[in-house]
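Reader: I would like to learn how to read sheets and aromatic contacts in a model. Please show me the structure, then take me through it.

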Amino acid sequence: MPRKRELTWVPQRKCWSKYRNGKRYYLATGGVCKGKTDQEGYDFAIDEWRAIEAQLRAADYNGVTEVVRPRRIAQGQAFFLSNYAALGSSIGSPEVPHSGDFDIPSHVQHYLTIRRSESDAGEKSVETFAEHRQKLEDFLGFCVHRKAKQLDQIDESLLREYKQTQQQLKRLDKSKGGISPTTAKKRLSILRRFLLWAHENGYLDTLPRNADSLARDISLPPPRPAFYSPEECHKLFALASPRTKCYIALALNCGYTQSDIATLEHSMIDWKNGVIKRGRHKTSDENGDGPLQCHKLWTVTKRSLKAQATKTDSGLVLVNEHGGSLLTRTLKESGVMKRIDNITDAFSRLRKRASLPNDRSFKTFRKSGANEIEKLYPAVPHLSSLYLGHSETGVKRYYVDRPHHLLFEAIEQLENIYKLEDIK
């Protein structure tokens, strides 16, 4: 009598499946199985199901309502190479990490709970937390693949293998699950931070000798600056709606990003003198202390901003049609970041209407302005940083006054270069 199989064969998809808690899981997909009688393919499906079962048990323990499947890339043999499972990485907050079969996920959860609290308190950005979560989920998926469950199984050998996997991924085409060098470096850097945290807090007795150098020799490609030419800016500005014109003018005039525009308040604007003074959201602390940004407004920027501004004397200057912020970043209960960016959405529609390739983003406007300043003032290299609102480094923050008068002069030169006032 033939042995009864635990999994169900799905001929339409040529893979195995398992039904659990109202959901069907498809296993060994993507051509891994050669057919129903392929024992090697069935064994792989069983291994994959065991990993999912482990995640489901961990999720039940920590109150997680959703478990995300690993995405496998088959090449020669199947590996968890890119975007592994979101393994036990909800933001449930166990008081202390517990030991047992899910030791690594529970410690990662504990670490992410701390990072989440920093994000909720405004000490770290939502993007920072989301990136830590995503990169550590990647490592957890790798641990499932390597059947590493306990924290003390994260040794030099496992770290070396994980790093080699990232090197392999860098060489793969993105259509086959490949990743960029930047992604590889971030995965290893964030893993290093997690391991240092676990060691410093006594959860990991011995720190692997290669932990500190995980990302050190991951080289990044040289940057390839991209800009909008004045002619392209003219084309975009001419086709833009009045609201999007305002966004573009602020980006070129003041070097603003979407966040800078979305957080601009009435109290920051001196309408009489046409100057915006503010602490940039990214480089100032919660009290607004930090490098002061000062930008002299072009005539077209001032006029456009006044026309689009809210009819109040306080609060946000520019809001969406519902009266809310133009840019929001929130975390769902699962820890996934939800970003709503009205500025980028409007610009994407404009770029398509202008038949320009999507190889440059809205932030390219500020890069373009900074590039023109660099060409105008080669002897004053820090002027473009002042335009962009970058923080001063070293003791310059305390002893050097920022030359805003020179920046105002450069901004006037930019006005003559872009000539947005002449575009109807």
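Predicted model: local features only at pLDDT ≥ 70, side-chain atom pairs only at ≥ 80, totals over all residues.

Author: We start with a sheet. Residues are numbered from 1 along each chain as its sequence is written, and side-chain values use heavy atoms, leaving out hydrogens and water.

Reader: What makes two strands a pair?

Author: Strands of a sheet pair through backbone hydrogen bonds, parallel or antiparallel. The criterion is at least two DSSP bridges between the two strands. Strands (E, at least two residues) and helices (H or I, at least four) are DSSP runs, numbered from the N terminus. Here strand 7 (residues 275-279) and strand 8 run antiparallel, joined by five bridges. G279 has L292, in strand 8, as its bridge partner.

Reader: Now the rings. How many aromatic pairs are there?

Author: Rings of Phe, Tyr and Trp (its six-membered ring) pair if their centres lie within 6.5 Å; planes under 30 degrees apart are stacked, over 60 edge-to-face, the rest tilted. The count is 15. One of them is Y111 with W197, edge-to-face at 5.3 Å between centres and 65° between planes. Y111 is in helix 2 (residues 103-120) and W197 in helix 5 (residues 181-200), so the pair ties together parts 86 residues apart in sequence.

Reader: Is Y111 buried or exposed?

Author: Buried means under 20% relative accessible area, exposed over 50%, partly exposed in between (1.4 Å probe, protein chains only). Y111 has 1%, so it counts as buried. W197 is buried too, at 10%. Y111, F194, W197 and Y203 form one aromatic cluster.

Reader: Where does a charge sit over a ring?

Author: The test is NZ of Lys or CZ of Arg within 6 Å of the ring centre and within 35 degrees of the ring normal. R5 lies over the face of Y42, 4.3 Å from the ring centre. The charged end of R116 sits over the ring of F129, at 5.8 Å from its centre.
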